[in-house]
Amino acid sequence: MPEKTIAEAISSGERLYVNCGHPMCQHSHQIDLAALGARLGLDHGAMHWDLVKVFRCERCQTAGRDRRPVFFTCVPDYAGIDARRNGRAV
C-alpha cells in the first residue's frame, strides 16, 4: 500500500511539479493530477518512488541529451490548511 495515493493528493488540494535533473535543462512542469489518476488509477502512489519511473523530460529527449533522473516538488494547499486551522470554511 502506498504512503499517499493520487486520490489523496487530489483531495488535499496539493499541486505536484515534475522537475528535470539535467543541469542544461532544469525544466519544471505542473502535473495534472486528475489526468494522471485517469491514466494510472487513483490508487496509484503519489510519492517520488511511485512516480519516478513514469516521467522523463521530453525537452531533453528532443534535444538528444542523456536521460537524467527527475524529481518532484509538492506544494500543499496552504490557504485551505490555514482556513481549517483558524476555523473558517474553505
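How many salt bridges does the count come to? The count comes to four salt bridges, in a model that is predicted. The structure also holds an open sheet of three strands and a largest nonpolar core of 13 residues. The points below take the sheet, the core, the salt bridges and a few single residues in turn.

**The sheet**

- The three strands of the open sheet stand in the order β2-β1-β3, and their pairing is antiparallel.
- β2 and β3 are the edge strands, each of them pairing on one side only.
- On average, neighbouring strands in this sheet are turned by 30° against each other, with direction ignored.
- As background, strands of a sheet pair through backbone hydrogen bonds, in either a parallel or an antiparallel way.
- Between β1 and β2, which run antiparallel, there are four bridges.
- Between β1 and β3 the antiparallel pairing extends over six bridges.
- Here Y17 is the residue that stands opposite T73 in β3.

**R15 in strand β1**

- R15 belongs to strand β1.
- Its relative accessible area is 39%, so R15 is partly exposed.
- Along the sequence R15 and C74 are 59 residues apart, yet their C-alpha atoms are 5.8 Å apart in space.
- Beyond its neighbours within four places in sequence, R15 is in contact with Q30, T73, C74 and V75.

**The nonpolar core**

- Within the largest nonpolar core, which has 13 residues, those with the most contacts are I31, L36, F55 and F72.
- Two or more residues of this core come from each of α1 (6-11), β1 (15-20), α2 (33-40) and β3 (70-75).
- F72 touches residues from several stretches of the sequence: with neighbours within four places left aside, F72 is in contact with L16, Y17, V18, N19, I31, H48, L51, V52 and F55.

**The salt bridges**

- As a general point, side chains of opposite charge can pair when their charged atoms come close.
- With 18% relative accessibility, E14 counts as buried because the cut-off is under 20%.
- Another salt bridge links D66 with R68, where the closest N and O atoms are 2.9 Å apart.
- D66 is partly exposed at a relative accessible area of 42%, and R68 is partly exposed as well, at 35%.
- A further salt bridge is that of D82 with R85, whose closest N and O atoms are 2.3 Å apart.
- Both D82 and R85 lie in helix α5, three residues apart, which is about one turn of the helix.
- D82 is partly exposed, at a relative accessible area of 30%, while R85 is exposed, at 60%.

- Which loop holds H22? H22 is in the loop between β1 and β2 (28-31).
- Is H22 buried or exposed? With a relative accessible area of 6%, H22 is buried.
- The H22 side chain reaches the backbone nitrogen of M24 at a distance of 3.0 Å.
- Leaving out neighbours within four places in sequence, H22 is in contact with C60, R65, D66 and R68.
- Among these contacts of H22 are D66 and R68, the two residues that form a salt bridge with each other.

**Y78 in helix α5**

- Y78 is part of helix α5, which covers residues 78-85.
- The relative accessibility of Y78 is 53%, and Y78 therefore counts as exposed, the cut-off being over 50%.
- Y78 and G13 are 65 residues apart in sequence, while the distance between their C-alpha atoms is 9.1 Å.
- Helix α5 also holds the residues D82 and R85, which form a salt bridge.

Notes:
Residues are numbered from 1 along each chain as its sequence is written. This is a predicted model: local features need pLDDT of at least 70, side-chain atom pairs count only at pLDDT 80 or more; totals for chains, interfaces and linings use all residues. Side-chain values use heavy atoms; hydrogens and water are left out. A nonpolar core is a set of buried Ala, Val, Leu, Ile, Met, Phe, Trp, Tyr and Cys residues joined through side-chain atoms within 4.5 Å. Buried means under 20% relative accessible area, exposed over 50%, partly exposed in between (1.4 Å probe, protein chains only). Contact means heavy atoms within 4.5 Å. A polar contact is a pair of N or O atoms within 3.5 Å; within protein, one must be able to donate a hydrogen and the other to accept it, and residues adjacent in sequence count only if both atoms are side-chain atoms. Two strands pair if DSSP finds at least two bridges between them. Axes are lines fitted to C-alpha atoms, for helices over the stretch in contact, and angles run from 0 to 180 degrees between N-to-C directions. A salt bridge is a side-chain nitrogen of Lys or Arg within 4 Å of a carboxyl oxygen of Asp or Glu.
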